[in-house]
Amino acid sequence: MNMSVAIKPAAGSSALLLGMTGLILLGAPLAGVWLAGQPLAGYLELPPRPPARPASGFSWTAFILLVLFTVAAVSPLIWRFLSTPAPGSAQARPGGAFPVWGGAALAWLAASWVLAWTRLPWFEVFQLHTFTPLWLGYIGVVNALTTQRVGSCLMIRQPSRFAALFPLSALFWWFFEYLNRFVANWRYTGISDFDAMEYTFFATLAFSTVLPAVTSTAEWLGTFPRMDAAFRQWHPVLISRPRPVAAGVLVVTTVSLCALGLFSEYVFPLVWISPVLVIVCLLALSGRPTVLAPLARGDWRGIASFSAAALVCGFFWEMWNFGSLARWEYSIPHVDRFRIFEMPLLGYAGYLPFGIECAAIAALVLKRNASP
């Protein structure tokens with residue numbers, strides 16, 4: 001599976017590209033707050049802690065519209081996957097035994113889960129810190145599953161680049177914590193006694209597991225022959241004038257980020273859509289390949305596997321969060337109903353574009369064709 005698209009910076013342009021990305025992603029929401037006539041100080045606090053904000057009342061109109069949009073966006077991929085015949089056994093890649101280190105990771109994961117959901121007196125001092133051990137166990141297990149299927153995994157093939165995903169992941173999720181200052185869709189409970197330094201340290205450890213978990217899950221899903229058969233060659237997406245289109249989309253997405261500071265109650269889903277469009281558009285305008293480039297030749301494997309991987313990880317994020325002492329809670333306007341664990345049903349749709357964002361960021365450090 002083509003896990004990523006390599007990004008090769010042009011000489012002298014990387015700093016400008018990085019500066020433009022930061023200016024738009026960080027500055028546009030602040031511009032919206034400024035246009036709304038609100039003080040900026042609260043949005044610049046470090047670390048960014050979202051305010052407690054009650055959700056607006058439930059709206060069947062908003063719920064139905066978002067359901068229709070989600071179904072329209074996702075159903076073609078689901079239909080493609082389900083309607084593609086499973087390849088014969090001759091096409092399946094050879095696997096092997098579940099590795100010993102995978103068994104150790106599985107035992108670690110099971111123990112971490114038990115400790116996360118129980119309140120044993122001797123474990124009290126560690127009870128608020130179970131997220132990171134859980135997800136380190138998950139990352140080990142899913143890499144072991146990939147190794148069992150195809151004899152290798154990203155963690156073993158590219159250990160230094162895989163390790164680089166951890167600090168990159170921490171920065172990546174801190175950005176979403178920043179955006180959450182504007183929409184206040186989630187907040188953390190059970191950690192009120194942490195000072196700023198403690199909060200930053202332990203949160204950074206937890207955030208560092210996001211990209212490795214999603215990327216490892218995407219690779220595992222990509223080892224299934226049906227995923228490869230369904231999306232290796234599908235509908236190509238060809239854009240005759242990519243740079244003008246990228247410029248237009250960049251303007252729209254910049255305005256949409258600005259709207260987070262003006263109308264967050266109505267445009268909050270853009271938190272999961274606009275950032276990746278900004279990154280893709282800026283890369284396209286600079287003449288660099290993007291995570292969406294394989295679509296031009298009809299290769300949807302990266303999009304499908306990363307979106308599905310984020311949804312899989314999202315399920316486990318929400319499930320393990322449900323019984324933990326340090327946890328997050330949601331307050332989502334207009335659609336805050338039909339919860340699965342703490343997450344309202346429609347909130348799971350946000351994991352699909354989030355997976356594409358994970359693919360775009362992981363591509364910064366992973367080699368092209370990082371496949372077994």
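Author: Buried means under 20% relative accessible area, exposed over 50%, and partly exposed in between (1.4 Å probe, protein chains only). This is a predicted model, where local features need pLDDT of at least 70, side-chain atom pairs count only at pLDDT 80 or more, and totals for chains, interfaces and linings use all residues. Residues are numbered from 1 along each chain as its sequence is written, and side-chain values use heavy atoms, with hydrogens and water left out.

Reader: Let's start with Phe182: is it buried or exposed, and at what relative accessibility?
Author: Find Phe182 in helix H6 (helices, H or I, at least four residues, and strands, E, at least two, are DSSP runs numbered from the N terminus). Its accessibility is below the cut-off, so Phe182 counts as buried, and the value is 2%.

Reader: Leaving aside its neighbours within four places in sequence, which residues is Phe182 in contact with?
Author: Contact means heavy atoms within 4.5 Å. With the neighbours within four places in sequence set aside, Phe182 is in contact with Pro29, Leu30, Val33, Tyr43, Arg53, Leu260, Gly261 and Ser264.

Reader: And how far is the C-alpha of Phe182 from that of His334?
Author: Along the chain, Phe182 and His334 are 152 residues apart.

Reader: While we're at His334, what is its phi?
Author: His334 sits in the loop between S2 and S3. At 15% relative accessibility, it counts as buried. It is not a glycine, yet its phi is positive, at about 70°.

Reader: What about Phe338, what is its phi?
Author: Phe338 lies in the loop between S2 and S3 too. With a relative accessible area of 39%, Phe338 is partly exposed. Phe338 is no glycine either, but its phi is positive, at about 60°.

Reader: Which residue's side chain does the side chain of Asp336 make a polar contact with?
Author: Asp336 is in the loop between strand S2 (327–330) and strand S3 (339–340). A polar contact is a pair of N or O atoms within 3.5 Å; within protein, one must be able to donate a hydrogen and the other to accept it, and residues adjacent in sequence count only if both atoms are side-chain atoms. For the side chain of Asp336, at 2.6 Å, the partner is the side chain of Arg339.

Reader: Which backbone nitrogen does the side chain of Asp336 reach?
Author: Here we're looking at a side chain and a backbone atom, 3.2 Å apart. The side chain of Asp336 reaches the backbone nitrogen of Ile332.

Reader: How far apart in space are Asp336 and Leu346?
Author: In sequence, Asp336 and Leu346 are ten residues apart. Going from C-alpha to C-alpha, the separation in space is 8.2 Å.

Reader: Over to Thr84: which residue's backbone oxygen lies 2.6 Å from a polar atom of its side chain?
Author: Thr84 is found in the loop between helix H2 (60–83) and helix H3 (100–117). Its relative accessibility is 9%, so Thr84 counts as buried. The backbone oxygen lying 2.6 Å from a polar atom of its side chain belongs to Arg80.

Reader: Which residues is Thr84 in contact with, leaving aside its neighbours within four places in sequence?
Author: Those sequence neighbours are left out of the list. What remains in contact with Thr84 is Arg226, Ala229 and Ala230.

Reader: How far apart in space are Pro244 and Leu285?
Author: Pro244 belongs to helix H10 (residues 242–260), and with a relative accessible area of 44% it is partly exposed. Pro244 and Leu285 are 41 residues apart in sequence. From C-alpha to C-alpha, they are separated in space by 8.4 Å.

Reader: Now the cysteines: how many disulfides does the structure hold?
Author: A disulfide here is a pair of cysteine sulfur atoms within 2.5 Å. Take Cys153, buried at 0% relative accessibility: its closest cysteine sulfur, in Cys313, is 15 Å away, which is too far for a bond. The disulfide count for the structure is zero.
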